[in-house]
Amino acid sequence: MASQLSQQYAFRAQKSLGLVGGTPDYIPVPGFENPDIPARFYAYSADGRLYAYALPSVVRIFQAEGAQLLHELPLPNVIELTFSPRGTYLSTWERPVKLEDGSQHKNLRVFSTSTGEELIALTQKSQEGWDLQYTISESHAVRLAGGEIQVFRPAEWNKGVVDKLKVEGATTVSLSPGLNPSIAVFVAEKKGAPASIKVYGLLALNGTPTCQKTFFKADRGQIKWNTLGTQVLLLTQTDVDNSNKSYYGETMLYLLSAAGNFDCRVTLDKDGPIHDFAWSPNSKEFGVVYGFMPAKAMIFDQRVRTIHDFGSAPNNFISFNPQARLVALAGFGNLAGKIDIFDRRALTKLTTIDAPNTSYCTWSPDGRFLMTSTLSPRLRVDNGIKIWHCTGPLVHIHTVDELYQVSWRPINVDNTPPFPTSGPVAIAPAPSPAVVAMEAAAALKRGAQTTGAAAKPAGAYRPPGARGGATPAIYKREDEGGLSRTPSGQNTPARGYNRSPAPPGSAAYGNGQQQGGQGRGGRFVPGAAGPSPHRPGGPRGDSGEGKANGANGQQGQGQGQGQGQGGRKRNKGAKKGEKGEKGGERPSSIDLTGVNGSGNPKQNGKMSPGPASGDTTPAIVMPAPVPADIASPVTPGVDGSLDPIAKKVRNLNKKLKAIEELKEKAKRGERLEATQLKKMEGETEIKKELTALEAPA
């Protein structure tokens, strides 16, 4: 019964709000009515006993089991709400507004869940970290307000703040769980002063810190306590990476003991950002995913000694199930969405789940199911919920348009059945009717495709030049046998210019003729005539016949691209050649082979007549070499006509001009450097040298 109760989940979408029961049917909870207007937020209590949601004008509190309405609080404009650990108090937050009388808006309010009475109202401008943090026994509540840590006693809300601690520059405060609560305070780096984290005992807040550590490169901090509240992990991050290795800044991880007997930096053996870290529920070990992709995943003990290395894979997420028996490693966001589930005891992989486009993932309270969902506005299509068994099968699917929020109903781990100590970790239940219907529809679609045209196998897109061969190593991930990651540019191979080059590693890469006939020798044009046998690989499909026609003045009579613009250009060249023959000028082209297109020899060094009307053999005409007396064009911006003496004169004139500018600065009263004064002293020598060079020889 406890296992079935743990499977209840809630969801909130643009047009719907719901509670759904668990295995095996996954049907909506009877008695829960979907509100007529969209809800803004919902929350379960930590013990799973209560459920509440906020509408634009009212907040409603329900008994989670059976969805019985307990209280309806007329609270407009509530954006977020949370319960205390035992569900005794409900906190709500509204956007702060300016009041007409000029007083502060009390936008953080605390209510009793048993009576619905308002107990205290406070001012909290920032939405980030707005909620009060309670001890597990609800004996104390803590919050950070304007660099001051304030402590309340929930049993005596009317007394207000009973203790406080001023910490200059504090940005993050975290109250530990456990029977002996401590407070971790993070202060960011500012104006050259190092960042720091300090741990105080809650009952001795104004005493000396039990543990503290200072460090640099920390603009933000994320604090995570273990379940017992004896140790804390701190992830620090900078806004800018000075080494230019990461776009997201530098990250570091530190481990501290609340008792002050241990603290150190967690040393990682691969460069790159820390993607995720998580404590095991047994409080004795933690996992870290770090490094450039493919990232490494590793489990450490409470003294930062390596327990197990999972190797490199495209992962950025790690999570232990509540019983600390299973570990999920996954890659979400811009990664493929593969989830690998490992048995923590045997350190072996149980299964791999394919969950693309996942934006939220969490374990069920009994540790046997994994929920993945695609939420808006991260993605606005294919929104919905999928529930997987830890052995791999999909057991439930729930499609919801514009899904914003989803979560399991919390249940205490002690109320869930334990994992078996030997044999398989669990046996997957039968899939829900929704999964059966989806699989039937998919099978029907596959059958329709096979009865019609043969379906093409799906796969990764490949450009035309890369098809028909094995995947080059440069395009593979490191864990698939690809090249290791190095700074940008070092793995890029040198390739010749080509409009559509073959990929590195393919059979045609580096050859003169690439795949598709697009090598350096020419370009293949579909439908055009092939290159002439007399001149293979003619430039860009200009056929020999078209050139012959162009040389004989016949425009538009050839085939291929030579019959158009190329033919007209050749025709102009032929006319210039005729003009050269008549006027005694140099011919524009000569026959380098000694024979013209018709096989007739040259006559007196001039071009022989073209082929006979019945002969279609093209003439091979090449441009004549440029005589040595004709100067080559000068490169723009470079004066190639100056001899060494002229260049030296030009350089001396530049020096004299610079000296004149320095004289003008001196006249204006500007201060000159010693090197500039020395340059001015050499003016006489420069003028003498210039006079000697300009004197006639």
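Colleague: Which residue in β2 is the bridge partner of Tyr-9?
Modeller: Val-20 is the partner of Tyr-9. A strand here is a DSSP run of E, at least two residues, numbered from the N terminus. This is a predicted model: local features need pLDDT of at least 70, side-chain atom pairs count only at pLDDT 80 or more, and totals for chains, interfaces and linings use all residues. Residues are numbered from 1 along each chain as its sequence is written, and side-chain values use heavy atoms, with hydrogens and water left out.

Colleague: In which sense do β1 and β2 pair?
Modeller: Antiparallel, over four bridges. Two strands pair if DSSP finds at least two bridges between them. A hairpin of three residues joins β1 to β2.

Colleague: And the faces of β2, are they covered or open?
Modeller: Both are covered. Leu-17 and Leu-19 are buried on one side, Gly-18 and Val-20 on the other. Buried means under 20% relative accessible area, exposed is over 50%, and partly exposed lies in between (1.4 Å probe, protein chains only).

Colleague: New topic. What is the order of the strands in the open sheet of four?
Modeller: The order is β11-β12-β13-β14, with antiparallel pairing. The edge strands are β11 and β14, and each pairs on one side only.

Colleague: How many bridges link β12 and β13?
Modeller: Five. One of the partners in β13 is Phe-152, which bridges to Ala-141.

Colleague: What holds paired strands together, in general?
Modeller: Strands of a sheet pair through backbone hydrogen bonds.

Colleague: Now Asp-263. Which strand is it in?
Modeller: Asp-263 sits in β22, residues 263-265. Asp-263 is partly exposed, because its relative accessible area is 32%.

Colleague: What does Asp-263 touch?
Modeller: Cys-211, Lys-213, Leu-255 and Leu-256, not counting residues up to four places away in sequence. Contact means heavy atoms within 4.5 Å. The C-alpha atoms of Asp-263 and Gln-212 are 8.5 Å apart, though 51 residues separate the two along the chain.

Colleague: One more. What does UniProt list for residues 645-672?
Modeller: The unreviewed UniProt entry lists a "coiled-coil region" there. UniProt positions follow the numbering used here, feature names are shortened, and annotations may be inferred rather than shown by experiment.
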